[in-house]
Amino acid sequence: MKNDWFIEFVLKHIREHGPEREVVVIYEDDNGKIEDYQINWFYSSMEDLYLTYGKKIKTMKLKDLLNELVL
C-alpha cells in the first residue's frame, strides 16, 4: 500500500482529467505492487515503454488505479 500522498496524487489527477483517463501503471515487481504511474508519458509507443520497464507495466483508467490502491 502506498502512502496517503500517493492516493492524493491520483485523486488530484482524477479531478483534473476525469476518472476515465488512461494511464500507464508501473509495477515494482511481479507480485503486483504498484510503484508509480504516468499520465502523460513521453514515449512514442507501448513497445518503447515495455523496453524501458519490461513486463511490469499496463494501462488502466485512473478510477481503477485508485481502486487498486485503496483495496
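Guide: Contact here means heavy atoms within 4.5 Å of each other, and helices (H or I, at least four residues) and strands (E, at least two) are DSSP runs numbered from the N terminus. This is a predicted model, in which local features need pLDDT of at least 70 and side-chain atom pairs count only at pLDDT 80 or more, while totals for chains, interfaces and linings use all residues. Residues are numbered from 1 along each chain as its sequence is written, and side-chain values use heavy atoms, with hydrogens and water left out.

Visitor: Which elements have the lowest and the highest mean pLDDT?

Guide: pLDDT is the predictor's confidence in each residue, from 0 to 100. The protein averages 86, and 94% of the residues score at least 70; among the elements, the lowest mean belongs to α2 (82) and the highest to α1 (93).

Visitor: At what angle do helix α1 and helix α3 pack?

Guide: Two packed helices are described by the angle between their axes and the distance between the axes. Axes are lines fitted to C-alpha atoms, for helices over the stretch in contact, and angles run from 0 to 180 degrees between N-to-C directions. Here α1 (residues 4-17) and α3 (residues 62-70) pack at about 160°, with axes 10 Å apart. Angles under 35 degrees count as roughly parallel, over 145 as roughly antiparallel, 65 to 115 as roughly perpendicular and the rest as oblique, and α1 and α3 are therefore roughly antiparallel to each other.

Visitor: Which residues in α1 meet which in α3?

Guide: From α1 come F6, I7, V10, L11, H13 and I14, which meet L62, K63, L65, L66, L69 and V70 in α3. By class, this contact of α1 with α3 has 10 nonpolar, 1 polar and 1 charged residues, where Ala, Val, Leu, Ile, Met, Phe, Trp, Tyr, Cys and Pro count as nonpolar, Asp, Glu, Lys and Arg as charged, and the others, Gly among them, as polar.

Visitor: In what order do the strands form the sheet?

Guide: Two strands pair if DSSP finds at least two bridges between them. The 3 strands form an open sheet in the order β2-β1-β3, with antiparallel pairing; β2 (34-38) and β3 (57-61) are the edge strands, each pairing on one side only. Strand β1 (residues 22-27) is joined to β2 by 4 bridges, with V24 opposite Q38 and Y27 opposite I34.

Visitor: Which strands does helix α2 touch?

Guide: Helix α2 (residues 46-53) packs on the sheet and touches β1, β2 and β3, its direction making about 125° with that of β3.
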